[in-house]
Amino acid sequence: MSDDLVTRARAGDVDAFATLTAGLMRPLYATAMLILRDADQASDAVQDALVRVWVDLPSLRDVEKFDAWVRRILVHSCYAVARRRRRREVVEIQVQAPSASWSPDPQQSVAVRDEIERGFRRLTPELRAVIVLRHYVGLSTLECADVLGIPEGTVKSRLNAAKTAMRASLAADERTPTLAEQVIP
Amino acid sequence: MSPDVFDRELESWLTGQAPTVVPDGLHDAVVGAARRRRQRPSWLPLGSGSAFGAGSRAVGRVRPRLAYVVAIAALALALAAAVAAGALLQKPENPLLGRNGMIVFTGSMEQATMFSSDIHAAGPDGTDERVIAEGWCPAFTTDGRHLTYLGYGTHSPALYVAEPDGSSPREVAGYPVVSFGPSTPIAMSPDGAKIAWFGAQIRYEAQLTPTLIDGSMPANNREIWLTSIDGREQRPLFPAPADSDQVYGPPVWSPDGRWIAAAVMRASADEETSIRDAIEVVEVATGKIRSVTTIAGDSTEISWSPDSHTLAYPGRSRVGSPGIFAVGVDGTGERILAGSSEHVSMPQWSPDGSRILYIVEDFFGRRVAVSTVQADAAEEPLAGPYADGAIWSPDGSTILLTRRGNGAPELEGFTGDVIAFVDAGFEDPPRLIPMSRGPDCLPSWQRLAP
């Protein structure tokens, strides 16, 4: 991110804004995609966020905070898209059969990731956001707090809640007996 | 699985799930939208410290704009031509459009209670601010010739009518409702001669109200009455609805004084919100009532068009989409004026009837929006600053808004409560009157004859 590009975009230079956003599209889209788990909604969130960035850019006083400011707007845009989705759609719950083939073999990692996927999908967008910022974007808890606009302690408690929920899901599946165990006494 | 191993698996999974390419056209769509949208200017403080008392500082003068000057010149030419043709005598005057007079608003000192509220007045550019009365919720009548406000009556809070500068106040009615909230249920007629108000549970010993209540103790907000301030006329306008769960929202006069509209509300199933069952309109002269809308909503807010032919109100379409809707006073021509994906409220017609101002609640808070009124379409609104409420200036060139607290990006560095002037196109930076505590009611802007 170039401070010069931000400064020029803030002054109304659309070409500078175009150059600036070209470099932001992939990480922002990836972040939105991880939080929303839907390509169309992620596109909507990114577009809404960047248009909001353009309109409100003159109010950004410290160009060095541009990255955190954009991420903050994106995360709130994801919340808004998720909120609209909850209003408009009946919530679809994907019911999947519990894994009967889990075993501590070389395929364990694949199975664990399946369970992570399942646990992650059960999280609210707010909990997904903190997981994504901390473990995908790589921000510290203090930086997460800045982006999310919440205290650092709340970031830590949300991280703990999210990971506890996911690990509980994982542990529950670990305890699920195999089909063989269910049939053979 | 240890926490460290779990974190590594999680990070590996996230990296694997993250898309590496962006959908075609997304960047072009963003840049295209940026080329079509104007940036919003940042807030600009023109005063500091308390706006009240000796510490107050005048707000700068309105900077004349070329387009404004050209528009005035064109208007003057058009008026001259109309006078020459004799057309002016045949065209009724727009009761909302006029020159900008004084601004009045409730001011409170820090830590003060409502009972130490003062009414402040300032010039149309925010200068010459002064205290003109003790009280709260001041409002000019539509004709701009009277100032009404709630004040400290002889026995109870009372409604006062005064000259526009606050002089010669007269206590015209005891405050006939229990609530002291910011949304006053007392509505003055456009000429200041009559009051529409709620029937109340409590009998007051004030000037006009005791004879209206026969001892049957109607439920609060169950009836709306009309009283002339000379005491010669007193009668119910909206009798209590047949359904005992229903109550009325505040009465709203049409600008020509012919009609009064009020929303009929009932509590929702969870009893935490209200549902609008209908909007009813009564013809003041005949007492004839009709229901005018089929659009659902959760708000009592109603705004009349300047010609008194149409009402605007927030609601939800049949598929649940929020928006500002409009319907004719005869119940025909119901249509959407401004669609939105977020909750909208507080519609207000511009004095010339060409635009509608309202509040949109997005993920940062409440912000002002303006849409152009069209016959059969709703275009993208013009988004303005974050604000809790807003009113038009009588000439339609300026919006006066109120804002409590902080949190919005534009308010960085200006965390206090403010009243702000912003041009109706949202092109220039808003000019602020900092306040030690935000106003309890919307400000009011006096209309002077054109």
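**Close-up views of chain A and its contact with chain B**

View 1. Nine residue pairs are in polar contact between chain A and chain B, both residues being at pLDDT 80 or more. A polar contact is a pair of N or O atoms within 3.5 Å; within protein, one must be able to donate a hydrogen and the other to accept it, and residues adjacent in sequence count only if both atoms are side-chain atoms. Please keep in mind that this is a predicted model, in which local features need pLDDT of at least 70 and side-chain atom pairs count only at pLDDT 80 or more, while totals for chains, interfaces and linings use all residues. Residues are numbered from 1 along each chain as its sequence is written, chains are lettered from A and ligands numbered from 1 in the order in which they are written, and side-chain values use heavy atoms, leaving out hydrogens and water. There are also three salt bridges between chain A and chain B, a salt bridge being a side-chain nitrogen of Lys or Arg within 4 Å of a carboxyl oxygen of Asp or Glu.

View 2. Chain A brings 52 residues to the contact and chain B brings 45 residues, where contact means heavy atoms within 4.5 Å. About 4600 Å² is buried between chain A and chain B, with carbon and sulfur atoms giving 62% of it; this buried area is the accessible area (1.4 Å probe) that two parts lose on being put together, summed over both. Which three residues supply more than any other three of the area that chain A buries against chain B? They are A:Arg61, A:His135 and A:Arg167, with 13%.

**View 3. A salt bridge between the chains.** The side chains of A:Asp56 and B:Arg367 meet here, 3.9 Å apart from N to O. Are these two residues buried or exposed? A:Asp56 is buried, at 1% relative accessible area, and B:Arg367 is buried too, at 4%. (Buried means under 20% relative accessible area, exposed over 50%, and partly exposed in between, with a 1.4 Å probe and protein chains only.)

**View 4. Salt bridges within chain A.** A:Asp13 pairs with A:Arg8 in a salt bridge, their closest N and O atoms lying 3.4 Å apart. A:Asp13 is partly exposed at 26% relative accessibility, and A:Arg8 is partly exposed at 36%. In another salt bridge, A:Arg121 and A:Glu117 have their closest N and O atoms 2.8 Å apart. These two residues are four residues apart in helix α6 of chain A, so about one helical turn separates them. Helices (H or I, at least four residues) and strands (E, at least two) are DSSP runs, numbered from the N terminus. A:Arg121 is partly exposed at 38%, whereas A:Glu117 is buried at 18%. Salt bridges that share partners also link A:Asp4, A:Arg8 and A:Asp13 into one network.

**View 5. Around B:Asn100.** B:Asn100 sits in strand β1 (residues 99–107) of chain B. A polar atom of the B:Asn100 side chain lies 2.9 Å from the backbone nitrogen of B:Asp395. Leaving aside neighbours within four places in sequence, the contacts of B:Asn100 include B:Pro124, B:Trp445 and B:Leu448.
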